[in-house]
Amino acid sequence: MTDAYEQAVTAADLAVGDTGPEVVVEDLERRDFVTYAGASGDFNPIHYDEPLADAAGYDSVFAQGMLTAGFAAHAVSDWFGLGNVRSFDVRFEAQVWPGDTVTAVAEVTAVERDGDTATVEADVRVTNQEGEPVATGEASAELPAE
């Protein structure tokens, strides 16, 4: 996963169309799904048991949706600061499979100043290595205006 990022300090640093730092997670492995299961308590075997996933009609095991949402949340909180995030919504678009590389990024859609503070709205998307969306959503953050 990417480690370095530039956090927005004030709304004056942002304009509609700006994109934040990308969170890139390369070559996801089954063990990532198992590790997430342990951290989250989501032990649905469809995420780690290949014969069960096959019997359910899937090509393979696949990532938990909330793992994918976590990548999106990581992009948002890195950029705006966790304490500044006021809302975060995500929709799952497609499965994330072993071997996939995912990229999460947020893009500013609105900046509304109100005195000393501003609300920043952003679209959030997570795509796979083919550029296909696997999760989309919206987030808002409250930042100092200047």
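## Contacts of R113

Two residues are in contact when heavy atoms of one lie within 4.5 Å of heavy atoms of the other. Leaving aside residues up to four places away in sequence, R113 touches A11, A12, L14, A118, A145 and E146. The model is predicted, so local features need pLDDT of at least 70 and side-chain atom pairs count only at pLDDT 80 or more, while totals for chains, interfaces and linings use all residues. Residues are numbered from 1 along each chain as its sequence is written, and side-chain values use heavy atoms, with hydrogens and water left out.

R113 lies in strand β3; strands (E, at least two residues) and helices (H or I, at least four) are DSSP runs numbered from the N terminus. With a relative accessible area of 45%, R113 is partly exposed. On this scale buried means under 20% relative accessible area, exposed means over 50%, and partly exposed lies in between, with a 1.4 Å probe and protein chains only. The side chain of R113 reaches the backbone oxygen of A11 at 3.2 Å. The C-alpha atoms of R113 and N84 are separated by 15 Å, and the two residues are 29 places apart along the chain.

## Helix α3

Helix α3 covers residues 65-80, which is 16 residues. The expected span of a helix is 1.5 Å times one less than its number of residues. Just after α3, G81 takes a positive phi of about 90 degrees.

The buried residues of α3 are L67, T68, A69, F71, A72, A75, V76, S77, D78, W79 and F80. What covers them includes β1 (23-25), α1 (30-40), β2 (85-92), β3 (102-114), β4 (117-127) and β5 (133-144).

## Aromatic pairs

Rings of Phe, Tyr and Trp (its six-membered ring) pair if their centres lie within 6.5 Å; planes under 30 degrees apart count as stacked, over 60 as edge-to-face and the rest as tilted. By this rule there are three aromatic pairs. The rings of Y58 and F62 have centres 4.7 Å apart and planes at 50 degrees, so this pair is tilted. Y58 is partly exposed at 29% relative accessible area, whereas F62 is buried at 8%.

The rings of W79 and F80 have centres 4.7 Å apart and planes at 20 degrees, so this pair is stacked. W79 is buried at 5% relative accessibility, and F80 is buried at 0%. Ring pairs also link Y58, F62 and W97 into a cluster.

Methods:
A polar contact is a pair of N or O atoms within 3.5 Å; within protein, one must be able to donate a hydrogen and the other to accept it, and residues adjacent in sequence count only if both atoms are side-chain atoms.
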